Amino acid sequence: MSPIVLLRNRRVRELAYQVICVAAVVAIGWYLLSNALANLAKQDIATGFGYLGREAGFVISETPIAYEPSDSYARALLVGLLNTVKVALLAIVFSTVIGTLVGITRLSTNPLLSRLMLFYVEALRNVPLLLYLFLWYSVIIFTLPPVRQAITLLPGVYVSNSGLVVPAIIWNSGFWVAAAAVVVGIAAAFVWFRVVRRRRIATGRALPGWPVAIVLLVFPVIAAALLFDISGEVDWPVLGKFRLTGGAHLKPEFVALLVGLTLSASASVAEIVRSGILAIRKGQREAAKSLGLSDGQAMRLVILPQALRVIVPPLTNVYVTTFKNSSLAIAIGYPDLVMVSNTIMNQTGQAIEPIALFMLTYLVLSLVTSAVMNWYNGHVALKERQS
Amino acid sequence: MSEQSTMVSNELASPDRPGGGLRGYFGTVGNSAVTLVCLAVFLLVAKAAISWLLVNAVFTGTPEDCKVASGACWPYLADKLRYMLFGIYPFDEQWRPLTATLLFIAAMAVSGIPRLWGRPLIAGWIVLLPLLFLLMAGGVFGLTSVPTSQWGGLPLSFMLTFVGLVLALPLGILLALARLSNLPAIRILAITFIELVRGVPLISILFMASVMLPLFMPEGVTIDKLLRAQVAIILFAAAYIAEIVRAGLQALPRGQTEAAQALGLHYWQYTFLVIIPQALKTVIPPLVSLFIGFFQDTTLVTIVGLLDFLNTVRTALRDPNWQGIAVLEGYLFAAVVYFVFSAMMGAYSRFLEKRFRVGHD
């Protein structure tokens, strides 16, 4: 058969398209790679991940785990990753709380309140996050007073142009026992609420929920305190003549990044919560009210659980975006994964490996966030009848 | 969307408070308290803003005057305005970026009128864009040549956004088609590209373009720094556009494809004559939203050292005459500029949404 006739066959044509496409991608990839290898060899730059084991030799201003410049590049990257996760997780928690409140108040029947919230959301959504980061950073650095005249926000919480100082808890011993006791308490209370719920659905009778839960929460902690040697103290910051001593010091870079990420994400969360609530038919609310539930009860027991189905999938996007946005840290000098990678690129001259590594890390972070949220979504999603 | 929300909140509220007017503010004791608290907050903010912007501000004078005053420093804005808007573009030639920006904004405004959508408009843009480019770059018609390394400020931000999205659109459409293709190899390539790009931050792609791309080029070939960032933005935008277009394609009833096939059209014919025009029409509002997002995201080129609007504002702070004196004025000015453009586009997006909703009912 001549090739022309073969091309009339659809299967052959489809196969040909695919082969051409893949071949083109492979050819371009091979061309770029061979260029890169030639360039690297010429500039005498090493390839591979051997650099990870070498001594980093640079200081990182914020270290959640012990780190010295004499540690390896791998450990420096781990510090950067932990910084990324720390700031992004905190921003996610704060923005969810703030955003939910703003989203609900956006629907308030009081026009003044809902307009105020509309302004909050619009002001945050229409100005780039990076600009806000620069702005918050400048506000902290240039407009706040020096440490000597630090402003007392709350008792023990000071702000100044070198950041935020908050009380810290210093554990002398038994930190893990105490932490385990708290976790056990929360788990026990959680299980108790499930039991109460099951019982109520099965028998219609309500068992005491909160009183028992509080006992369950407190008991493990007391037991742990009695049985084990747990000692710690609250380290209150003290404003001295020249500086603040004690407490935990949050640096301006961290505070600016956390504030920027939180506010930006909270505006997105607010819009999602608002549209989620609007998606619930008003009959649901009317039915809840006619059953004698108060406004708050109707919102908490009837509207929000249903709205969650609409809210959770886009919320996942906001969380993933928050992780990705935390990479803007480099602009104001917070040592996150990207900034540490950037330093490594400058020191070693290797660009491909560090960039590939942090891109891979962000992909994994995105996937993990999506997986967790999908699992949660499965819980709140509409349970259809099983056939 | 705001129209919809006020409508619904009024509906929600109607059983509790018939009528309207001041009842919304002072219906119940609780509501009155809320109103008073809101008013107090509003007045406090307004008072602070007025005293900073006007009462305590310095309108004319030297950096020394600003240093002692507690309010805004307007002379700083006046002094640095041209640098913030046009960066290091040669001072005497700055009428060129100004003209280009004004022409561009005017063309955008005209293009926003749905009645004018059609071939002549596209032809107009195809003529206009090279003209704007020539106006900026010079070298012809007796204009002095200005290399792209001296471009900056607001025109650069507009260019990165607009050129980025216009060139990303065809690429995004192809990616969306590839993702829905029934040819497995093509589908897998498209999914890999789209998910890879969407899974990583824009900054990492800009890093790739600015640090890695030169390594991948054959020896002796150097690509302009601005072009590299522009390519990064195009690739990034294409992945996001692909997902939006895919939603539009999937929302289209199968009957359209089947009818076109029954008429004897082959793949490329029915895709570009029947499917894509309908799919694109439904996704115009999310595309406009994406445009707003990208207008803000182009600020990230600041991090790889391009002098976009945000970066000119930032570097204007380093002027030794003004150092440490006007630290917030520049950012607040930039925030207002971004806010105005984004809010206008947002309002336009809502207008389109309403228009298309009416069209479908």
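This is a predicted model: local features need pLDDT of at least 70, side-chain atom pairs count only at pLDDT 80 or more; totals for chains, interfaces and linings use all residues.
Residues are numbered from 1 along each chain as its sequence is written, and chains are lettered from A, ligands numbered from 1, in the order in which they are written. Local features need pLDDT of at least 70 and side-chain atom pairs count only at pLDDT 80 or more, while totals for chains, interfaces and linings use all residues.

**View 1. Helix 12 of chain A, residues 337-348.** Helices are DSSP runs (H or I, at least four residues), numbered from the N terminus. The 12 residues of helix 12 reach 16 Å from first to last C-alpha, close to the 16 Å expected at 1.5 Å a residue; the expected span is 1.5 Å times one less than the number of residues. A:G349 follows helix 12 and has a positive phi, near 80°.

**View 2. Buried residues of helix 12 of chain A.** Among them are A:L337, A:M339 and A:I344. A residue is buried if 20 or more other C-beta atoms, placed from the backbone, lie within 10 Å of its own. The buried residues pack against helices 3, 11 and 13 of chain A and against helix 10 (202-216) of chain B.

**View 3. The side of chain B that touches chain A.** In contact (C-beta atoms, placed from the backbone, within 7 Å) are 49 residues of chain B and 48 of chain A. Helix 3 (29-55) and helix 16 (329-360) are among the chain B helices that each supply at least two residues. This side has 34 nonpolar, 12 polar and three charged residues; Ala, Val, Leu, Ile, Met, Phe, Trp, Tyr, Cys and Pro count as nonpolar, Asp, Glu, Lys and Arg as charged, and the others as polar.

Technical notes
A residue is buried if 20 or more other C-beta atoms lie within 10 Å of its own, exposed if 12 or fewer, and partly exposed in between; C-beta atoms are placed from the backbone. Two residues are in contact if their C-beta atoms, placed from the backbone, lie within 7 Å.
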